[in-house]
Amino acid sequence: MKEEQTKHLWWQEGVFYQIYPRSYQDSNSDGVGDLRGIIKRLDYLKWLGINAVWISPIYPSPMADYGYDIADYTGIHPLFGNMDDFDELLKEVHARGMKLILDLVPNHTSDQHPWFLESKSSKDNPKRDWYIWKDAKPDGSPPNNWLSVFGGSGWEWDETTQQYYFHAFLKEQPDLNWRNPEVHEAMYDVMRYWLDKGVDGFRVDVMWHMVQDEQFRDNPPNPNYEPHMATYEQLMPVFSTDQPEVHDIVREMRRVLDSYDERMMIGEIYLPIHKLMTYYGSENDGAHLPFNFLLLSIPWNSEHIASEIAIYEGALPDGGWPNWVLSNHDQPRITSRVGEAQARIAAILLLTLRGTPTIYYGDEIGMRDVPIPPDEVQDPQGLNMPDLNLSRDPARTPMQWEDATNAGFSDAKPWLRLPEYYRRKNVKVQQNDPYSMLTLYRRLIQLRHEEKALNVGDYVPVYSDKQVLAFIRQYHEQRLLVVLNLTHRPSYFRVKNMTLKGTVILATAPEREGNTVEDYFSLGGDEGIIVRLEEGT
Ligand code: GLC
């Protein structure tokens, strides 16, 4: 019999929150958010009930990919502040009983990183092999057909040394060569630098990209490619991503973390579920949380979601801890994908499913993607493929704090525009509104902290049809039933051979709270309820 896990770790019990630092809070009036700005908002995060904060990259960077092109892994970009500011941030996060997670980008550096400058200086430079250099084909064309995620070939010709280098993302983001042991050591030193400071873990960028086929074989065409998709989708990246050797690297990273107390890593991995699961490691010695992006990739349909939750739960390895995400800085926001009313249902789902939830900043007030006029586009993905509406800027706009200039984000012109309606959609307005999205999020988070069933209990599917999704979270005798209407129309159902009786403890329409429900469930459109079930039902 499976032994029941009784003690859970902070990253299993906690609610995570992602901050995109450029857009959270500006403290020095340059229109860009910074570390001192984040410090100023920590009390808000504490009030909300957040346990761990992940901040996107804050390191020195030419900003070709807004910080995901790192020129110094152990420094702070002056835009965000300096190391004293960072140390203070870490101290203040810890003082509030929260944890701090940094973004680690081990797949590639900036082309301005000293390692790459050395590597490209000559073919016999000791760091030449730290990156992926290859001769041209006899006709001068790239070594193989691998594409860049951001458009065009994945290979860039270097005139000086007459070879191509590989870049899975921008040409300003050359891929490190993880077949070279020196690269391993250099990156683990980076990890130790931050862990020694007391950082609680890392979100590891594009983990599944880290190592490529040793024979550099061509990727096959994707039979499902359609012209509205990014050009990268033309091929199936079977030789340029998710290679078996990646798991050795992840295991080594894990060992670095395990030499400290209770640190953790989240892996950014966009792969089908059965592949995703391999990143937990064959002995549970891989990523603590391989990010589960199901809820941001599948259609918003109750039957579909019900079956995907079950598939995910069923595929988890023994000891593998689940996790859920609705949005991030690379994807459209949940409110823009499913609408405001359903975003409330999504919030309940995120905060009542089994596993660690990560909230993307601004989702808690229902921020929408903000349209960015063509001449204001910043994101290279948008600029490189202008006709495909792929810019990630709309989901990265400044946090809407209050009804003040630039929503209280900055005194200066913000790096990305705010929507005109920020004066009525912001934190301050919603903090005092019992029916707001923010209040819903805060109450859900509180409930999750109070109820073991929600926090660490089992997941038991109960019912789904074309409108409704219902499941129970159970911890010993405590059972909470979550019932969600994923459509706009009223829905009615009864679960065959099951008596369900209890009291509504949280609802999208709080007026329903305290009501008894029994057997027959009727829900309004876009309505969700959490019911404490009576024992014995
Ligand atoms: C990850 C990041 C994304 C970045 C890319 C390249 O997917 O989340 O923002 O552009 O890696 O580093």
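**Close-up views of a predicted model**

**View 1. Helix H12 and its buried residues.** In helix H12 of this predicted model, the buried residues are Gln342, Ala343, Arg344, Ile345, Ala346, Ala347, Ile348, Leu349, Leu350, Leu351 and Thr352. With 11 of its 13 residues buried, H12 is largely enclosed by the rest of the structure.

**View 2. Surroundings of Arg392.** Arg392 is located in the loop between helix H13 (380-384) and helix H14 (427-431). Its relative accessibility is 8%, so Arg392 counts as buried. The side chains of Arg392 and Asp65 are joined by a polar contact of 3.1 Å. Leaving aside residues up to four places away in sequence, Arg392 also touches Phe150, His329, Asp330, Asp379, Pro380 and Gln381.

View 3. Trp146 and Phe166 form an edge-to-face pair, because their ring centres are 5.4 Å apart and their planes stand at 75°. Trp146 is in the loop between strands E4 and E5 and Phe166 is in strand E6, so the pair ties together parts 20 residues apart in sequence. Both Trp146 and Phe166 are buried. The pair of Tyr459 and Phe471 is tilted, with centres 5.2 Å apart and planes at 45°. Tyr459 belongs to strand E12 and Phe471 to strand E13. Tyr459 is buried at 12% relative accessibility, and Phe471 is buried at 0%.

**View 4. An aromatic cluster and charges over rings.** One aromatic cluster is formed by Tyr17, Tyr24, Tyr44, Trp47, Tyr360, Tyr361 and Trp401. Over the ring of Trp401 sits the charged end of Arg41, 3.8 Å from the ring centre. The charged end of Arg333 sits over the ring of Tyr361, 4.8 Å from its centre.

Methods. Residues are numbered from 1 along each chain as its sequence is written. This is a predicted model: local features need pLDDT of at least 70, side-chain atom pairs count only at pLDDT 80 or more; totals for chains, interfaces and linings use all residues. Side-chain values use heavy atoms; hydrogens and water are left out. Helices (H or I, at least four residues) and strands (E, at least two) are DSSP runs, numbered from the N terminus. Buried means under 20% relative accessible area, exposed over 50%, partly exposed in between (1.4 Å probe, protein chains only). A polar contact is a pair of N or O atoms within 3.5 Å; within protein, one must be able to donate a hydrogen and the other to accept it, and residues adjacent in sequence count only if both atoms are side-chain atoms. Contact means heavy atoms within 4.5 Å. Rings of Phe, Tyr and Trp (its six-membered ring) pair if their centres lie within 6.5 Å; planes under 30 degrees apart count as stacked, over 60 as edge-to-face and the rest as tilted. A charge sits over a ring if NZ of Lys or CZ of Arg is within 6 Å of the ring centre and within 35 degrees of the ring normal.
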